[in-house]
Each structure stands twice: as C-alpha cells, then as structure tokens.
Amino acid sequence: MKSLIQVAFFAALLCFPVSAFAKAPGATCAKGPWIALSWGQDWSPEQRRAVLEHLRRGFEVYGVSVCERTARAKHPPLAEVRFAASNDDSVSLSVDVKDSVTQKRVGRDVDVRGYSKEAQALAVAIATEELVRASWVELELDSPRDHQAEEAHERRPAADIVHRVNQDTIGANEAGLRIDLRGAFEAYAAGQTHLGGDLTLRKNVANDVGLGLALGPRLALSESSRLGDVDARLLAGEAFLFLDIFHTAMLRLDWEVGLRGGWVRFESSPKAGKEVSQSAPLLIARTSVGLDLSLDPTWYLTLKAGTGYSLLGATATGRGRELTGVSGVELHGALGLGGRW
C-alpha cells in the first residue's frame with residue numbers, strides 16, 4: 001500500500017505545475033478563505049515548508065489557501081492548526097485544530113517513527129487534512145432539531161466553500177455519479193489495433209467499491225495481407241467492478257475488473273479474388289488501474305491502463321488462411337475528461 005501511495009504522490013508532482021508551490025505564504029491568504037498554521041519551536045524551516053506545500057495541494061483545489069499564522073489576511077481563517085513540539089523519544093507529533101466554522105477544537109497524535117523526513121511531512125499533512133475535514137463534516141451531520149445552529153452556519157461566508165469540501169469528504173464521490181469521456185486504444189496479440197472512444201459511468205455502491213459501465217465504437221488500423229488490406233469496425237460495451245485503492249481530494253487510484261463484449265466486422269479491399277466480409281462476437285476479460293486527477297471539485301482528468309484476454313475472439317480469414325484477428329492477449333489504455341454529478 002505504501003508503494004501505491006508513493007506512485008500516486010509522485011504522479012501528482014509530475015502533473016501539477018511548479019508555480020503552484022511557489023506562492024508566497026502571505027500573498028495567497030490576503031483575500032478569500034484560508035487555513036492558518038502555527039508551529040512549535042523545534043520545527044525546522046524545511047519541515048514547515050514541506051507540510052505547508054502538501055496541505056496546499058489538498059485544499060487549494062477548492063479555493064482555500066493555506067498559510068502560516070503570521071500572514072496578513074482580510075478575513076479570519078476557517079481553521080487554525082497548531083503543530084506542537086515533537087518528542088525526540090517517541091517522535092510523535094500533536095496536531096490541534098481550532099475550527100472557526102464549527103467552533104470545535106479537536107486533536108490528534110501522529111506517530112511518524114520509521115519514516116524519512118519527507119515521508120514525515122506527508123504523514124503529518126494527511127493527518128491534518130483529515131482532521132480539518134472531519135471537523136467540517138459536522139456541518140453536514142448537524143441534527144435538524146438545532147435550527148438556530150444551522151441558520152448560524154448558513155450565515156457564515158465560508159459555508160459554501162466548506163460544503164464543497166464536504167462533498168468530497170462524506171459522500172459526493174461515493175453516492176454521486178462520475179461520467180467520463182475517454183479516448184481509448186486496444187492492441188491484440190492476433191494483430192489488430194483499435195482506436196476509438198468510450199462514454200463511461202461509474203458509481204460507488206459502498207465506501208470503496210463501485211460498479212461501472214462503458215460503451216463506445218472502435219476503428220481498426222488497416223492490416224496488410226496477401227489478400228489485401230483488412231479493416232475492422234467494432235461497437236463494444238464493458239461492465240466492471242472497481243475498488244478505490246487510494247484517494248484524496250486531488251487523486252483517486254482505482255483497480256478495475258470487468259468483461260468487455262461486442263460485435264466486430266472485418267472488411268477487406270482484395271488484391272485479387274473474393275472480398276472478405278465477416279462478422280463475429282467478441283468477449284474479453286480485463287483488469288486495469290485507473291487514476292483520476294482533480295482539476296477542481298467537479299472536473300478531473302482520468303487515465304487508465306491494463307491488460308486482458310479474449311474469452312471469445314474473432315478472426316478474419318480468406319482462402320483458408322487467418323489474415324488478422326481480435327484475440328489473445330490484449331493491452332489497452334485510455335485518457336479523458338470526467339465530471340462528478
């Protein structure tokens with residue numbers, strides 16, 4: 001699991017511009033909603049900078065800035081996070097959140113023994129983000145009997161921002177629907193290479209498990225043979241089960257297992273003899289890994305790569321010979337844009 005988290009983390013570093021981390025602490029929090037950080041005496045500038053950058057990547061996608069408490073700001077912070085001094089014996093860090101939205105104060109000890117300095121900063125940042133989110137979730141879970149408290153929350157200028165964060169935290173992604181439009185390709189051991197696109201629907205049915213459907217056309221790259229060039233067309237659909245391996249506000253890593261089926265039609269322009277025109281059903285078992293990279297609370301980039309094997313393959317033949325086919329081992333990939341609804 002640690003290796004998967006590291007892969008997702010480094011993917012985020014490659015996909016986000018360096019300028020996202022180069023903002024001055026004071027400038028980003030001069031206007032708009034923000035979260036304040038304060039530190040114990042033995043936190044080095046390098047540790048503070050690392051934690052700050054990790055937290056910014058978690059919250060700035062929502063338009064919430066993260067700055068040190070010394071920053072000048074027009075509005076009071078949504079939350080104040082205090083990092084207590086670390087204990088050299090246990091290397092346990094105390095994180096307190098004084099939340100100005102819910103008017104609650106919560107705390108957590110983060111054990112980072114055995115981690116590198118960089119991994120310690122990431123662990124502390126993740127724990128801090130979870131703690132702030134947990135305190136804000138209370139806004140969505142307030143009892144309906146407490147009308148005065150609800151009205152007070154609604155009057156707060158930060159309520160809309162906090163609600164957007166909570167949508168990712170308590171179930172918008174789990175209960176809602178994700179719709180993707182992807183460009184895709186498949187390459188088969190029997191010779192065919194297909195290009196096309198899919199409309200994909202994904203919905204979580206439990207916290208980390210969901211179901212998905214995909215449908216889309218394919219056109220094959222022409223395959224040359226002694227009987228002429230063979231083309232193929234395919235309309236296929238896929239039903240799959242996915243498991244959320246790891247997800248944050250910015251990244252979601254899924255593992256998918258499914259079946260893809262359709263109807264493929266081969267056609268050729270013969271050099272001599274009779275034209276080849278054949279149709280056949282197709283069924284493929286597939287497994288893949290998918291990565292969603294958030295652009296904002298609604299939109300995200302989606303990537304997918306994996307392999308499969310044909311349970312029911314299709315082959316174009318002519319004069320008793322196999323010309324090309326959609327069978328055997330399959331390699332596939334997809335890239336597109338998705339939205340949460």
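The expected span of a helix is 1.5 Å times one less than its number of residues. Keep that rule in mind. The model we are looking at is predicted.

Let's start with helix α3. This helix covers residues 45–59, which is 15 residues. At 1.5 Å a residue, α3 should span 21 Å, and its end C-alpha atoms are 21 Å apart, so the two agree.

Now, which residues of α3 are buried? They are A50, V51, L52, H54, L55, R56, R57, G58 and F59.

Some of those names come back in the largest nonpolar core. That core has 29 residues. The members that touch the most others are I35, L37, V51, L55, F59, F83 and W136. Where do the residues come from? Two or more each come from β1 (34–39), α3, β3 (79–83), α4 (117–141) and α6 (159–170). The biggest giver is α4, with 7 residues.

Take a look at F59. Beyond its neighbours within four places in sequence, F59 is in contact with I35, V64, V66, E129, V132 and W136.

There is also a second, separate core. This one has 14 residues, including Y188, A232, L282 and A316. As background, nonpolar side chains tend to be buried together in soluble globular proteins.

Last stop: S310. You will find S310 in strand β13, residues 299–312. Is S310 buried or exposed? Buried means under 20% relative accessible area. S310 has 10% relative accessibility, so S310 counts as buried. A polar atom of the S310 side chain lies 2.7 Å from the backbone nitrogen of G328. Leaving aside neighbours within four places in sequence, S310 is in contact with L283, I284, S327 and G328.

Definitions and conventions
Residues are numbered from 1 along each chain as its sequence is written. This is a predicted model: local features need pLDDT of at least 70, side-chain atom pairs count only at pLDDT 80 or more; totals for chains, interfaces and linings use all residues. Side-chain values use heavy atoms; hydrogens and water are left out. Helices (H or I, at least four residues) and strands (E, at least two) are DSSP runs, numbered from the N terminus. Buried means under 20% relative accessible area, exposed over 50%, partly exposed in between (1.4 Å probe, protein chains only). A polar contact is a pair of N or O atoms within 3.5 Å; within protein, one must be able to donate a hydrogen and the other to accept it, and residues adjacent in sequence count only if both atoms are side-chain atoms. Contact means heavy atoms within 4.5 Å. A nonpolar core is a set of buried Ala, Val, Leu, Ile, Met, Phe, Trp, Tyr and Cys residues joined through side-chain atoms within 4.5 Å.
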